[in-house]
Amino acid sequence: MKEYLTYLASLLGVLAFFQSLMNSIFPPELRFAFFKLFSTYSYFEITEIDGVNTNELYNAVQLYLSSSISISVAANRLSLTRAVNSSAITFGLSNNDSIVDTFNAVTVVWEHIVTQRQTQTFAWRAMPEEKRGFTLRIKKKDKNLILNSYLDYIMEKANEIRRKNQDRLLYTNSKSGSLDSRGLPWESVPFKHPSTFDTLAMDPFKKQQIMDDLTDFTKCQSFYKKTGRAWKRGYLLYGPPGTGKSSMIAAMANYLRYDIYDLELTEVKSNSELRKLLMKTSSKSIIVIEDIDCSINLTIRKKMQIPCSYNGLETLTGFGLSEDSGNGNTVTLSGLLNFTDGLWSCCGSEKIFVFTTNHIEKLDPALLRSGRMDMLIDMSYCTFPSLKILLKNYLGYEEEDLNDDVFKEIEEVVDKAEITPADVSESLIKNRRDRERAVSELLRNLRSRAEFNEEEDDIFYNKKKKNGKLRGQNGSLTVADDVKEQEKRALNRAYAEENKEKEDNICKNSED
Ligand SMILES: Nc1ncnc2c1ncn2[C@@H]1O[C@H](COP(=O)(O)OP(=O)(O)OP(=O)(O)O)[C@@H](O)[C@H]1O
Ligand SMILES: [Mg+2]
């Protein structure tokens with residue numbers, strides 16, 4: 001036994017000697033070629049630069065290994081990096097160090113090889129002085145078993161890490177379609193908006209529905225594939241100014257960790273420019289068009305204008321496909337519909353479109369139909385449940401603190417007051433150092449608004465009565481009711497349009 005151990009030790013010593021000899025005499029590339037000839041292993045080289053292009057796989061492997069390193073202790077030395085637009089520090093393998101990884105019960109070894117690049121007399125593009133690459137070693141018998149799936153897994157994992165580490169970006173389309181130094185039509189800044197679903201004041205049930213819908217969307221790639229639908233989703237946020245539409249978009253982006261493309265439609269000069277902008281957006285992003293009713297004259301189909309009176313003012317409402325956008329701009333409604341729903345809308349996949357408006361009743365029903373707008377989200381005035389969220393966030397009130405008479409009175413008047421979360425926030429911020437004062441001032445504010453609204457409603461009611469346009473269960477109709485009714489009509493038109501489209505399709509199919 002002793003003899004056997006001595007023999008084994010000397011054999012290992014000889015092997016170690018040969019390996020260190022090889023390492024010191026031969027550069028890593030030659031070592032690699034030598035071993036390749038006689039080994040039971042397959043070796044794959046992944047260089048940092050592939051010809052003149054950066055090799056995406058190299059970056060992916062580097063990121064992937066950076067996450068494995070934190071759980072593996074195989075590497076002796078680690079390099080630390082912090083990428084542009086990133087707040088996170090990542091670990092990396094140092095030069096010529098190696099690490100063991102396991103995938104589907106197969107063990108592989110990664111080695112990071114760095115050599116000096118030979119000086120070039122002429123090059124199309126300046127190359128780094130060092131030549132970097134990873135060598136992947138897999139047993140020949142395992143190669144076909146895992147190679148493709150392993151590399152796919154690494155790419156996927158790396159994208160995930162990148163998204164987690166990187167600060168997200170807020171893009172906006174550059175003025176008049178000009179391109180930046182990299183030929184992109186979007187300019188970006190780091191996205192730092194602090195709004196989250198926790199800070200957003202709205203009905204908790206509605207909020208949960210939206211969060212579930214978003215989560216469902218991100219997890220259901222296979223569902224979209226199976227049903228032949230483009231992997232995208234559209235939301236329309238509508239409601240008066242200051243009810244949290246922009247805050248909701250920021251909360252969505254923070255929740256999903258998506259970038260935002262804020263599209264300034266008035267800067268887009270044609271449908272084809274719009275399409276190009278869309279092509280240059282990345283996956284896992286939210287494409288936003290704010291105030292869609294103001295951005296461009298896309299809203300009213302001229303041939304079907306319907307007069308309607310609101311608060312004594314005669315306005316025109318109705319719908320129609322306006323192909324002339326006015327003000328010399330040639331982005332048309334059909335261009336916009338194609339942008340959200342056409343063949344181009346799915347390039348890149350996993351995209352969310354969000355439109356906002358203060359006047360849903362002005363929008364063309366074609367824009368609202370599901371498939372384009374999958375969820376219509378009513379961002380309305382503060383209700384008591386949403387007010388409670390603001391009281392908690394701004395003043396630290398918990399549910400059990402809200403039982404005394406003041407809060408009961410607040411609950412009674414808040415709906416009548418029709419106050420926006422923005423106005424409540426302002427009032428609370430002003431007095432945030434004195435909770436009691438903040439609450440009593442809020443109550444005073446709510447009471448006076450409620451009284452004012454009641455007076456307004458009386459005037460409105462009398463006017464309607466005089467014009468013989470009174471409707472409603474008890475014969476009364478308030479300003480708020482009228483606005484809601486207009487919104488309802490807009491939604492009904494959208495549903496009617498959708499049904500008509502379905503029927504048309506059924507007729508078309510049966511004719512075929
Ligand atoms: N639902 C809300 N929850 C929390 N804060 C809100 C909410 N709505 C508004 N606020 C506060 O009011 C400010 C303005 O809100 P925001 O810009 O999101 O409103 P908006 O609906 O987009 O208004 P507009 O129609 O004028 O664009 C926000 O910075 C935020 O502090
Ligand atoms: Mg806004």
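1. A word on terms before anything else: two strands count as paired if DSSP finds at least two bridges between them. Keep in mind too that this is a predicted model. With that settled, look at Phe-103, which stands opposite Val-106 in β7. The strands here, β6 and β7 (residues 106-116), run antiparallel and are joined by six bridges.

2. Zoom out and you get the sheet that this pair belongs to. The sheet is open, has four strands in the order β1-β8-β7-β6, and its pairing is antiparallel. The edges are β1 (41-47) and β6 (98-103); each has a single partner strand, so one side of each is left without a neighbour in the sheet. On average, neighbouring strands are turned by 25 degrees against each other, direction ignored.

3. Now for the other pairings in the sheet. Seven bridges hold β1 and β8 together in the antiparallel sense, and Thr-47 has Gly-133 in β8 as its bridge partner. Between β7 and β8 there are eight bridges, again antiparallel. Here His-112 stands opposite Phe-134 in β8.

4. What lies across β1, β6, β7 and β8? That would be helix α4 (residues 140-165), running at about 130 degrees to β8 (130-139). Asp-142 is part of this helix, and at 10% relative accessibility it counts as buried, the cut-off being under 20%. Asp-142 and Val-106 are 36 residues apart in sequence, yet their C-alpha atoms are 7.1 Å apart in space.

5. Ala-105 has phi near 65 degrees and is found in the loop between β6 and β7. With 75% relative accessibility, Ala-105 counts as exposed. The other is Glu-418, with phi of about 45 degrees, placed in the loop between α13 (405-417) and α14 (421-430). Glu-418 is partly exposed, at 24% relative accessibility.

6. On to charges. Side chains of opposite charge can pair when their charged atoms come close. The salt bridge count for this model is eight. One of them joins the side chains of Asp-213 and Arg-233 at 2.7 Å, N to O. Asp-213 sits in helix α5 (residues 204-219) and Arg-233 in strand β11 (residues 232-238), so this pair ties together parts that are 20 residues apart in sequence.

7. Arg-233 also meets Asp-374 in a salt bridge, at 3.8 Å from N to O. This pair links distant parts of the chain: Arg-233 is in strand β11, Asp-374 in the loop between α11 (365-368) and β17 (375-378), 141 residues apart. Together, Asp-213, Arg-233 and Asp-374 form a linked network of salt bridges. Are its members buried or exposed? Asp-213 is buried, with a relative accessible area of 15%; Arg-233 is buried, also at 15%; and Asp-374 is buried as well.

8. Another salt bridge brings together the side chains of Glu-441 and Lys-430 (3.7 Å, N to O). Glu-441 lies in helix α15 (residues 435-467) and Lys-430 in helix α14, so the two tie together parts eleven residues apart in sequence. Lys-430 counts as exposed, at 62% relative accessibility.

9. Last, a surface feature. Tyr-4, Leu-5, Tyr-7, Leu-8 and Leu-11 make a nonpolar surface patch of about 520 Å². Leu-8 is found in helix α1 (residues 2-25) and is partly exposed, with a relative accessible area of 33%.

Conventions. Residues numbered from 1 in each chain as written. Chains lettered and ligands numbered in written order. Predicted model: local features only at pLDDT ≥ 70, side-chain atom pairs only at ≥ 80, totals over all residues. Heavy atoms only, no water. Axes fitted to C-alpha atoms, helices over the stretch in contact; angles between N-to-C directions. Contact = heavy atoms within 4.5 Å. Buried < 20%, exposed > 50% of the residue type's maximum accessible area, 1.4 Å probe, protein only. Patch = residues over 30% accessible without salt bridge, like charges linked within 9 Å, V, L, I, M, F, W, Y side chains within 5 Å. Areas by Shrake-Rupley, 256 points an atom, 1.4 Å probe, with all protein chains shown as cover. Salt bridge = Lys/Arg side-chain N within 4 Å of Asp/Glu carboxyl O.
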